[in-house]
Amino acid sequence: MELKKNPKSDLKRWSGTLFNLGLAVSLGAVLAAFEWKANEKIVIQDFAGMEDDWDILDIPITDQSPPTPPPPAPIEVVIKPDDIVIDDIDLQTIDINTTETSVIPVVEITSPPVIETADVINDFVDIQAMFKGGMDAWYAYLKKNLDYPSQARRMGTEGVVIVRFVVNTDGSIQDLEFLRTIGGGCDEEAKEVIENSPNWTPGRIGGRAVRSRLTMPIRFRLN
């Protein structure tokens, strides 16, 4: 015999409806909670008319003096013996007890004083100073005494070194300076060959030998 279930006694037939009803009620409660407005009375405190009863701290002013500096280091005084030897003076020949009536001999100058002035270095002269024997002798001197520096050879350095110096009245050389340099040891070699050269013929003004400046180029060229 087949058993049949009464549809009215089925408990699951209202489950979907009750579930949707529960969701609707929950959602309504949430929305009502978010939309709920609380009207609370807030009283703003007013400090007008209130008296201050704060304690004012009396901070004393302190005088902080700087620290005492350390005492200076003692200065050591070294007494060196005097190297100046004063000859003995015969005090019998010197009368230091002069009186107002003593006659002091007058020193007479028979000639004007001699004022020594240094010779002026002239840039322009009537006859220019030159190497003794002329330029041919100068080139021969350079060919014999001028060495091409090894550093300049390795670097392939070429060019002209221009040297300016002063020829004194006795033909000596001084105050040598460079107007153009090329490096590689060529400048030092040019300076050495001029300083070691024999005395030159000095320049002249009006037939008188004078100190004069002379500019001399020295060429370095690889063969």
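**Note on the surroundings of S197 and the fold of the chain**

1. Apart from residues within four places of it in sequence, S197 is in contact with F131, Y141 and I173. The model discussed here is a predicted one. S197 itself is located in the loop that runs between α4 (186-195) and β4 (203-205).

2. Is S197 buried or exposed? Its relative accessible area is 9%. Because buried means under 20% relative accessible area, S197 counts as buried.

3. The side chain of S197 also has a polar partner: a polar contact of 3.0 Å joins it to the side chain of W200. F131, which is in contact with S197, is buried, as is W200.

4. The structure as a whole contains seven aromatic pairs. One of them is formed by F131 and W200; the arrangement is edge-to-face, with 5.4 Å from centre to centre and 85° between the planes. This pair links distant parts of the chain, since its members are 69 residues apart: F131 is in the loop between β1 (121-122) and α2 (134-145), whereas W200 is in the loop between α4 and β4.

5. Which residues make up the aromatic cluster that includes F131 and W200? The cluster consists of F131, W138, Y141, F165 and W200.

6. A separate feature is found on the surface, where W14, L18, L21 and V25 form a nonpolar patch. Together these residues have about 460 Å² of accessible area. W14 belongs to the segment before α1 (15-35).

7. W200 is buried, whereas W14 counts as exposed because its relative accessibility is 51% and the cut-off for exposed is over 50%.

8. Turning to the overall fold, the chain has four helices and five strands. Read from the N terminus, the order of these elements is α-β-α-α-β-β-α-β-β.

9. How many of the contacts join residues at least 24 apart? Among contacts between residues at least 6 apart in sequence, the share is 74%. The pair of F131 and W200, 69 residues apart, is an example of a link between distant parts of the chain.

10. Finally, the chain has 223 residues, of which 18% count as buried. Its accessible surface amounts to about 20,600 Å², and carbon and sulfur atoms account for 57% of that area.

Key
Residues numbered from 1 in each chain as written. Predicted model: local features only at pLDDT ≥ 70, side-chain atom pairs only at ≥ 80, totals over all residues. Heavy atoms only, no water. Patch = residues over 30% accessible without salt bridge, like charges linked within 9 Å, V, L, I, M, F, W, Y side chains within 5 Å. Areas by Shrake-Rupley, 256 points an atom, 1.4 Å probe, with all protein chains shown as cover. Salt bridge = Lys/Arg side-chain N within 4 Å of Asp/Glu carboxyl O. Helix = DSSP H or I, 4+ residues; strand = E, 2+ residues; numbered from the N terminus. Buried < 20%, exposed > 50% of the residue type's maximum accessible area, 1.4 Å probe, protein only. Polar contact = N/O pair within 3.5 Å; in protein donor to acceptor, adjacent residues only side chain to side chain. Contact = heavy atoms within 4.5 Å. Phe/Tyr/Trp six-rings, centres within 6.5 Å; stacked < 30°, edge-to-face > 60°.
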